[in-house]
Amino acid sequence: MAAGIVPKFVGSRVKRREDPRLISGNGTYVDDIKLPGMLAAVMLRSPYGHAKINSIDVEAAKKLPGVVAVLTGEDIRGKLPTLITAAPAQNVPYHPALAQDRVRFVGEAVAVAVAIDQYTAQDALDLIEVDYDPLPVITDPEKALEADAPVIHEQFGNNISTRAEVKSGEIDRAMREADRIIKFRLVNQRLAPVPMEPRGAVAQWNPGSEYLTLWSSTQGPHLLRSYLAEVLKLPEHRMRVIAPEVGGGFGCKLNVYAEEVMTAYLAMLLNKPVKWIERRRENLATTTHGRDLITYIEAPVKNDGTILGLKARFICDMGAYLQLLTPMVPGFAGMMMTGCYKVPAMAFEQLMVFTNKMAPDAYRGAGRPEACFIAERTMDMIALELNLDPAEIRRKNFIPKEAFPAQIASGLIYDSGDYEPALDLALKHIDYPKVRAEQAEGRKHGRYIGIGICSYVEICGIGPSPMLPPSMKGGGWESATIRMEPDSKVTVLTGVSPHGQGQETSFAQLVADELGIGIDDVTVVHGDTAIVQYGTGTFGSRGTSVGGAALMMAVQKLQAKMKKIASTMMEVPPDQLTFNNGTIAMASDLTKSIPLQRVVDASYGHKHPIPGIEPGLNEAGFYEPTACTFPFGTHACVVEVDADTGVVKFLRYVAVDDCGRIINPLLVEGQVHGGIAQGIAQALYEEVIYDENGQLLTATLMDYAVPKAEMLPHYELDSTVTPSPINPLGVKGVGEAGTIGSTPCVVSGVLDALKPFGIKNLDMPLKPEKIWRAIQAARKA
Amino acid sequence: MFPASFQYHRAASVKDALGMLQQFGDDAKLLSGGHSLLPMMKLRLAQPTHLVDIAGVAELSGVREEGGKIVIGGATIHDNVASNQIVRNKLGLLAEVASAIGDIQVRNRGTIGGSLAHSDPAADYPAGVLALEGEIKLESSSGSRVVKAQDFFVDLLTTAIKPGEILTGVSFTPHPARTGFAYLKHRQPASGFAIVGIAAMVTLDAKGNCERVRVGVTGLGAKAFRPAAVESALAGKKPDTGAIGTAAAHAADGIDPLSDIHASADFRSELARVYTRRAIQQAIARIKT
Amino acid sequence: MRVTVTINGQRRSDEIEDRLLLVHYLREVAQLTGTHVGCETSLCGACTVLINGKAVKSCTVLAAQAEGVEITTVEGLVKDGHLHPVQEGFWEEHGLQCGFCTPGMLMLTTDLLSRNPDPSEAEIRHALDGNLCRCTGYQHIINAVQYAARKMRETRKSA
Ligand SMILES: Cc1cc2nc3c(=O)[nH]c(=O)nc-3n(C[C@H](O)[C@H](O)[C@H](O)COP(=O)(O)OP(=O)(O)OC[C@H]3O[C@@H](n4cnc5c(N)ncnc54)[C@H](O)[C@@H]3O)c2cc1C
Ligand code: FES
Ligand code: FES
């Protein structure tokens, strides 16, 4: 865009272009797909956390009218290889799509019934008889490390998947030179992502052309295709993966699942389209979980509150099998655990442990919420120990504005940042001194008000390809193609795969402004490997910073070509031209212009070819980021605890976020709101609970507490804007910030309210009973 | 999500329904709002072979006044109880309890008869019906009988209803003068059912002492109950903070409390005491004198 | 068995299995896939439709029970090519992200506003007890409901 032309769309609250179809019931999610002759597949799942399978009798099920096939692990043994983990790990277990010989967690698939519809397939499951011998179960990762713990994968001799250590800076010296060392244990409990649309897949096999089409509710259709190709031994050009409308992902739809493999395999085996739709109980038991990290922290500090280093030991619960990125997530937590603070030295040890549970994997934030929780709880602990103000302790230790780009102890380089203004703004919004005074007054009358503060920084826009594991298919780059059609309307193909984030709108905003056209003249297409060039997908808040940057590259190539054509038509050098209001015009005098359509006609018609210029208007961009972006901000809340019941009530919730340049404030707010809700859910409500027999006690939404509207506060948002120097758009990413900032903020607030009782730490979720018990104990003491 | 097979029968009248119950015996279940039964059938935790749908039976639905009593038909949906003008004006506690059940959609389908018959230990209605000393009418092909709320709830998911009987209605005495009420509920965060629910109704005499205190507790034990010690502790007393606190401290007396991942027995008991205190206070504060 | 219903103003009659849930009848038989299934325990509200104007969870109603009723699904909200004010509100206020919960939210809102034309934020939050959204954190949904309420009040006034 030429200087002087005001962007029409970028920066404005443009209504979403994906909405008209979604608010009228015209979205097509995977369960909405119907193909002639389509069959329904339903999985039979293990009721045991750990058991030997003696035998499975499927004869009665097979005889039920309407049943087409029943398969067990034996039927795929040797035909389908192990499922894949892309992240490096030392001990990687064999992971069959249907259990063979043993089941290792409740919900593991042991058989699949295929029938004319789901009712009949479900009837078939009731007729399958499995003879199990229950085995000892281990669900506590710390106990799983003990010498006499039952071993989940016998070939490894113990339950350790991976042990890894990272050390940087002079941590030992920091420990020696500290006035005191603050030690504590933190638990990031296990969560279930619960996208409102469960998973699902539809597969269609054409035996004539040996071509597989798979619709799946996935966040990364290209990655899925690459991994499926490997497991199914099919070439990638004979496979088309389509992510139709996807009803939320939050990380859990990045994994390549046993059911996706099985659905494809069954379609090929039976020569019939097959649909598998996950039920919510399956979703809670067998869709990858999140978090589940126990941390032992040691923070060497000076008496004035200066932090000298950070040391942590991680016990990472891996569940029974490693999923696509399971072993990678805790690493992010370690790399980012020093937060927005000057911490010259750090060290962390990761112990990844098998248990009889579902595997965790990426879940909104994937490692950064854990990291931020460590950093922020550490700050609160220091403040508490040294009797300092929690806001001031943060201010004191912030990486100063002048230090950016700042390399932190783990080696990561923070692109840009200015942490104090965000903190100040958040404090101003809650009227910090006043609310502290109210708190003091309230305490005199048995009112327990707490003020929570969390200053976060996170890593987005993954990222330089070397940051991803070597065995990961696809890189950290992203792709885009832009095509100006013969009528001068624009089609954009993006390699990211949005599922609620709104890039059909934000990308159209970018393109419309760059090309001086209307937003309705742009259509953004995504999620189909047969249409869109390879892309890595949507996760880690990378859609706009990486995908948008790729799009800008493609746009610039298109602009260059069109200017070149216009240049010969207008007899003006290309570098003096700009796009304006449906024309290509002289930047110095916008009235000297020709309509875009004439340039398009010239290009497509090619009747008077310009030497060196090919016909057509189709350009692609592949953008490899040179570094990651690091959004930041401060969240602050005011809560009140009912000391009789332990119930937490929100009085205020303020979020000040800095996600760099903002393309569409409406979308950014939406992302922040949703993120905060999920973060509060971790702080107060949600927790996946297995009992010691490996039974999942939170197996339905009757027991797993996804927050309702009444359980969440009214969010007050503000922002600071510190553009990222990394990408041409200056954007940082905002998909996970809310989740990362809110969890520690709320915990900080509740614990602040409980300070008069001498309560220093409580594990999440801060349910009423936990708070009530702590108060009871304190009152007794 | 996919119930096992059964045969569906639509009853045209109570008589019709009773006939079908007799015909199919133990294989049959009544279907009213379906909001307890169908969820179990979807998970195949219940697999009846015959369903007798009474939701459309006109004589079972609605609120009427009859000889100074208010009678609510067994198949009256929660929303109609919550919004009915007679109930709101004369039986406010029941309206308040009904409006605390589940959510709008649940209240648009679920019925009072189904709720009482199902007798979920975490259901709301039982607390209200106990506090209001409702009378439950049961009909069978051999006749009808009336069971007092006190005697109706027998044990976990068990009531005084005998096989072949239909709960056709519940009748209540309207609130007397100088009466206040409150229903307080500590919701289980996921399901929305009551971890503890306290229905309290207080009538004061002309001097401002407690003439009658009625409390119904749900969620705490296997079945809903009236904490006799709470009620009697306040009888005839001036309801000051101290007296209410002392009385409410007995809310969990003699009960074997439920315990689950959402609340342990200890915590449930404490919630019962705290909410009993608060419900009585609120009831008194609402008395119009 | 046979069931006869009116869906979005159109009468239809189908031979069905007794055990068929209304949501499956709508999605599979009537081919109206705007109504979604998000849980098995009647909690998420994604399946909410109107029966005779009242919001119900169609996963917890048998198709057989719907004999003779009028059902409105999300597909029936648009009238004469115009969005319903509730749809407009969700669009204007960014009341949806992935859109999966949205049909249920729209139908619930329709019922809510027919009872309470001017609900407060607290009343809306309470009314949403039976509808889960994992994307929006609800605030934009609340704005959307208020937008629709305003719009409907204005139309009523001018009518
Ligand atoms: C998501 C959800 C949330 C809920 N939340 C709450 C809540 O917060 N609080 C609460 O109290 N309840 C709650 N409920 C339960 C709801 O109130 C049910 O409607 C009620 O418990 C049962 O009433 P029904 O008419 O639906 O009964 P049905 O499901 O039709 O029947 C239940 C049982 O009673 C029998 N039965 C039904 N009618 C009669 C009759 N007239 N005579 C004899 N037997 C009969 C049936 O055979 C069946 O065994 C919730 C339900 C759901 C699905
Ligand atoms: S599908 Fe009906 S409430 Fe979830
Ligand atoms: S918009 Fe995705 S669940 Fe509500």
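1. **Ground rules.** This is a predicted model, with local features needing pLDDT of at least 70 and side-chain atom pairs counting only at pLDDT 80 or more, while totals for chains, interfaces and linings use all residues. Side-chain values use heavy atoms, leaving out hydrogens and water.

2. **The main core.** Let's start inside. A nonpolar core here is a set of buried Ala, Val, Leu, Ile, Met, Phe, Trp, Tyr and Cys residues joined through side-chain atoms within 4.5 Å. Buried means under 20% relative accessible area, exposed means over 50%, and partly exposed is in between (1.4 Å probe, protein chains only). The largest core has 228 residues, and those touching the most other members are A:Met262, A:Ile680, A:Leu684, A:Val750, C:Phe90 and C:Tyr138. Helix α11 (residues 368–386) of chain A gives the most to this core, with 10 residues. Apart from it lies another core of 47 residues, including A:Val10 and A:Met562. As background, nonpolar side chains tend to be buried together in soluble globular proteins.

3. **C:Tyr138.** This one is worth a click. Contact means heavy atoms within 4.5 Å. Not counting residues up to four places away in sequence, C:Tyr138 touches A:Pro707, A:Lys708, A:Ala709 and A:Leu712 in chain A, and its partners in chain C include C:Met105, C:Leu128 and C:Cys133.

4. **Chain C against chain A.** The contact takes 46 residues from chain C and 54 from chain A. Buried area is the accessible area (1.4 Å probe) that two parts lose on being put together, summed over both; for this pair the figure is about 4,600 Å², with 55% from carbon and sulfur atoms. C:Glu40, C:Trp91 and C:Arg134 supply 20% of the area that chain C buries against chain A, more than any other three residues.

5. A salt bridge is a side-chain nitrogen of Lys or Arg within 4 Å of a carboxyl oxygen of Asp or Glu. By that rule there are 6 salt bridges across the interface of chain C and chain A. In one salt bridge, the side chains of C:Arg19 and A:Asp123 meet at 2.7 Å, N to O. A polar contact is a pair of N or O atoms within 3.5 Å; within protein, one must be able to donate a hydrogen and the other to accept it, and residues adjacent in sequence count only if both atoms are side-chain atoms. Chain C and chain A have 33 residue pairs in polar contact (both at pLDDT 80 or more).

6. **Chain B against chain C.** Here 35 residues of chain B are in contact with 35 residues of chain C. The two chains bury about 2,700 Å² between them, 57% of it on carbon and sulfur atoms. The salt bridge count is 4, and B:Asp79 and C:Arg115 form a salt bridge through their side chains at 2.8 Å, N to O. There are also 14 residue pairs in polar contact between chain B and chain C (both at pLDDT 80 or more).

7. **C:Gln87.** Is C:Gln87 buried or exposed? C:Gln87 counts as buried because its relative accessibility is 0%. A polar atom of the C:Gln87 side chain lies 2.8 Å from the backbone nitrogen of C:His84. Leaving aside neighbours within four places in sequence, the contacts of C:Gln87 include A:Ile23, A:Ser24 and C:Leu106.

8. **B:Gly143.** With a relative accessible area of 34%, B:Gly143 is partly exposed. The C-alpha atoms of B:Gly143 and B:Glu165 are separated by 9.2 Å, and the two residues are 22 residues apart along the chain.

Terms used: Residues numbered from 1 in each chain as written. Chains lettered and ligands numbered in written order. Helix = DSSP H or I, 4+ residues; strand = E, 2+ residues; numbered from the N terminus.
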